[in-house]
Amino acid sequence: MNTEKLGGSYIKIENRKLVFSHIFNQPGISRPQITNMTKLSAASVGRITDELLNEGLIREYDSDSGNVGRRPTLLHVCGENIPALAVELDRNKQVCAAIDLTGKVHCRIERDFYVLNHSPQEICNLVREMADEVMSKPSLSGKKFSGICVVLPGLICMDSGKVLLSSQFRWNDVPLGKMLRDLFPKMPVALDNEMNARALAESLYGELRHEQNAVILGIGSGVGAGIIANGRVYRGDCNMAGEVGHIPMDPNGKMCECGCYGCLQTYVADWALVEDARRFRRNADINTILRAAEGGEQWAISIIERFVRYTKIAISYFTSLLNPGAVVLSGSLLEDYSVLNEWLLREYPLKMQGPFKTSFRLSMSGLGRDGGIIGAAVHLLYKVYDEYL
Ligand SMILES: [Zn+2]
């Protein structure tokens, strides 16, 4: 084996990644600036940028600065030329869209399937149907898709493409990757946990840009977290990091859908709040609780206070375990009912030990409900364009 040649090829790929990442992260950068920042030779930067231009991955335009002399040519990633199909599966809602490398969402469509009433194969067929609808939109005609990535809540083995467990979907050992590959034989298929995808999206386009260590906490029909450690998504040994929804908070608590008592999500997930509310109001939903709390009804105030208290405990676990620079809140419960995150943020700073109080900032996700699909696309694009990103 010619190791020297392999080594040369490795360096070439790393240099391409380095140049591409500078253009991606600093749109409008010039070749001399890249040369300065990367310490590569001007000739190497020139050769690599020419390759990227020829492949349609970047474009150049003249600077309009009024300086005397030759104006530098500025470089920009052609993100719109690089779309991916992204799908987020939730228990009550499914979303599909085309997302380009600039993070822009195109042709977003939604369905309201209740996953528990359908088999995994039926959900895969739904994904195919939604993907076909997105790809057939006139604005996307002629685009070459990089592939499809599906994200969902649960423990997902990246190697086998199996959903090992999704208590929200009541799935065990579902070979979702294979089932999707059968339906999409001509394109790369990827899977990920939805909170890992959200963490990726926030670190590239959202609130966690420039953060090296951070946490995104999602609260909706379940509870989960995505973790950024040293600038990358921390997945743990088997892609199971951040599964906080089933941390036991009280062994004498309410029965969880996982079969154990007193998990975190039995205090903060939307169904847990609604279950308690229905002791007081038949057919109550989250809006019923918020209206009753506003009217001063004690039962509703108690439900919200408990939600705030347990969410704060979850945040304090993360700050003690990981010492993040930022904690971002997301998920349908907080995105759809802003009053709840107002309660949470009003209570900030949290009651925690000395320096921890000011060690991180707490904010809402800037990407909102699109965080999952944007992250799905980024996950796929990282996989397919590993040579560049
Ligand atoms: Zn549980």
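Predicted model: local features only at pLDDT ≥ 70, side-chain atom pairs only at ≥ 80, totals over all residues.
Two residues are in contact here if their C-beta atoms, placed from the backbone, lie within 7 Å.

Start with helices H2 and H3. Helix H2 covers residues 31–38 and helix H3 covers residues 42–54. Their axes come within 9 Å and cross at roughly 125°. The crossing of H2 and H3 is right-handed. On the H2 side, Arg 31, Ile 34 and Thr 35 make the contact. They meet Ala 42, Val 45, Gly 46 and Thr 49 in H3. By class, this contact of H2 with H3 has three nonpolar, three polar and one charged residues.

Now turn to the sheet. Five strands form an open sheet in the order S6-S5-S4-S7-S11. The pairing is mixed. Strand S6 (105–111) and strand S11 (189–193) stand at the edges. Each has a single partner strand, so one side of each is left without a neighbour in the sheet. From one strand to the next, the twist averages 15°.

Look next at strands S4 and S7. Strand S4 spans residues 84–89, and strand S7 spans residues 148–152. The two run parallel and are joined by four bridges. Within this pair, Ala 86 stands opposite Cys 149 in S7.

Two helices lie across strands of this sheet. Helix H13 (residues 371–384) lies across S4, strand S5 (94–99), S6, S7 and S11. H13 runs at about 135° to S4. Helix H5 (residues 176–183) lies across S7 and S11. H5 runs at about 150° to S11.

H5 also packs against helix H4, which covers residues 120–135. Their axes are 10 Å apart, at an angle of about 45°. H4 and H5 are therefore oblique to each other. Their crossing is right-handed. From H4, the contact takes in Pro 120, Gln 121, Cys 124, Val 127 and Arg 128. These meet Leu 176, Met 179, Leu 180 and Leu 183 in H5. The residues of the contact of H4 with H5 divide into seven nonpolar, one polar and one charged.

Strand S9 (residues 162–166) holds Leu 164. Leaving aside residues up to four places away in sequence, Leu 164 touches Leu 155, Ile 156, Cys 157 and Asp 173. Pro 175 lies eleven residues from Leu 164 along the chain. The C-alpha atoms of Leu 164 and Pro 175 are separated by 8.5 Å.

One more helix pair remains. Helix H10 (residues 298–322) and helix H12 (residues 338–346) have axes that come within 10 Å. They cross at roughly 55°. That makes H10 oblique to H12. The crossing of H10 and H12 is right-handed. H10 contributes Ile 304, Phe 307, Val 308 and Thr 311 to the contact. H12 contributes Leu 340, Trp 343 and Leu 344. The residues of this contact of H10 with H12 divide into six nonpolar, one polar and no charged.

Technical notes:
Residues numbered from 1 in each chain as written. Pairing = 2+ DSSP bridges. Axes fitted to C-alpha atoms, helices over the stretch in contact; angles between N-to-C directions. Left-handed = near helix turned anticlockwise from the far one by under 90°. Nonpolar A, V, L, I, M, F, W, Y, C, P; charged D, E, K, R; others polar. Parallel < 35°, antiparallel > 145°, perpendicular 65-115°, else oblique.
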